[in-house]
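Please keep the structure in view while reading.

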Amino acid sequence: MDLTDGVVRLRPLRRRDAAAWDRLRRENERWLSRWEATSPDPASRRPTFGQYVRDQARAARQGTGYSFGVEVEGELVGHLTISGIAWGSLRGAAIGYWIGERWAGRGLIPRSVALASDFCFFSLRLHRIEINIRPENTPSLRVVSKLGFRDEGLRERYLHIDGVWADHRTFALTSEEVGRGLTARLAENRR
């Protein structure tokens, strides 16, 4: 399943993306390290790229999560996940993302988050989406501001990031707040 707005394309990662993924991650290691979740267990290992792709494909089949490569003009430039999908009385999920430094500030992540949010609200029929952001991550704070996510406050020591338990601010939207969708909202704001 692909999502696109004509500029940004979100698509499931494939095993053949390994070389492009590795290059993008290597080129952006310093840029991403201060924002990315780490394991508090020093003995734990990250899965291989192939394992990650298989795990994410399984999650999509089970309806518990989705992982998308962010692509512009056929080039992999970032990553977006819809994780922790809960059904039942909650019907919610969290969105996380990153983009390569040379692509940052071009409006690609707001477009990507808008596409993913619309997929969650209109295709999956979820009720609530949240995004958790380090308080000092100014570029990500601009993303949620552009899209109209509501600030729900601070979660102290919420995620293990770069070797420490880091505070995050939680931003959320519910289906009642999105009107015709976030893609439409972004387009209206650009006029």
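Two strands are taken to pair if DSSP finds at least two bridges between them. The model described here is a predicted one.

## The sheet and its edges

The sheet is open and is formed by 8 strands, which follow the order β1-β2-β3-β4-β5-β6-β8-β7 with mixed pairing. Because β1 (3–4) and β7 (150–161) stand at the edges and each has a single partner strand, one side of each is left without a neighbour in the sheet.

## Strand pairings

Strands of a sheet pair through backbone hydrogen bonds, and the pairing is either parallel or antiparallel. Here β1 and β2 run antiparallel and are joined by 2 bridges, with leucine 3 having leucine 10 in β2 as its bridge partner. These two strands form a hairpin with 3 residues between them, and in the turn glycine 6 has a positive phi of about 95°.

The pairing of β2 with β3 is also in the antiparallel sense, over 5 bridges. By contrast, strand β5 (residues 92–99) pairs with strand β6 (residues 128–133) in the parallel sense over 3 bridges, and glycine 92 stands opposite arginine 128 in β6.

## Helices on the sheet

Helix α1 (residues 18–27) lies across β4 (75–86) and β5, and runs at about 95° to β4. Helix α4 likewise packs on the sheet, where it touches β1, β2 (8–12), β3 (66–72), β4, β5, β6 and β8 (164–174), and its direction makes about 160° with that of β5.

## Helix α4 against helix α5

The axes of helix α4 (residues 108–123) and helix α5 (residues 138–147) come within 9 Å and cross at roughly 50°. That angle makes α4 oblique to α5, and the crossing is right-handed. On the α4 side the contact involves Ile109, Pro110, Val113 and Ala114, which meet Val143, Lys146 and Leu147 in α5. Sorted by class, the residues of this contact are 6 nonpolar, no polar and 1 charged.

## Valine 143

Leaving aside residues up to four places away in sequence, valine 143 touches Tyr97, Ile109, Pro110 and Val113. Valine 143 and arginine 111 are 32 residues apart in sequence, while their C-alpha atoms are 9.1 Å apart in space.

Note on methods:
Residues are numbered from 1 along each chain as its sequence is written. This is a predicted model: local features need pLDDT of at least 70, side-chain atom pairs count only at pLDDT 80 or more; totals for chains, interfaces and linings use all residues. Side-chain values use heavy atoms; hydrogens and water are left out. Axes are lines fitted to C-alpha atoms, for helices over the stretch in contact, and angles run from 0 to 180 degrees between N-to-C directions. Helices (H or I, at least four residues) and strands (E, at least two) are DSSP runs, numbered from the N terminus. Angles under 35 degrees count as roughly parallel, over 145 as roughly antiparallel, 65 to 115 as roughly perpendicular and the rest as oblique. A crossing is left-handed if the near helix is turned anticlockwise from the far one by less than a right angle, and right-handed if clockwise. Contact means heavy atoms within 4.5 Å. Ala, Val, Leu, Ile, Met, Phe, Trp, Tyr, Cys and Pro count as nonpolar, Asp, Glu, Lys and Arg as charged, and the others, Gly among them, as polar.
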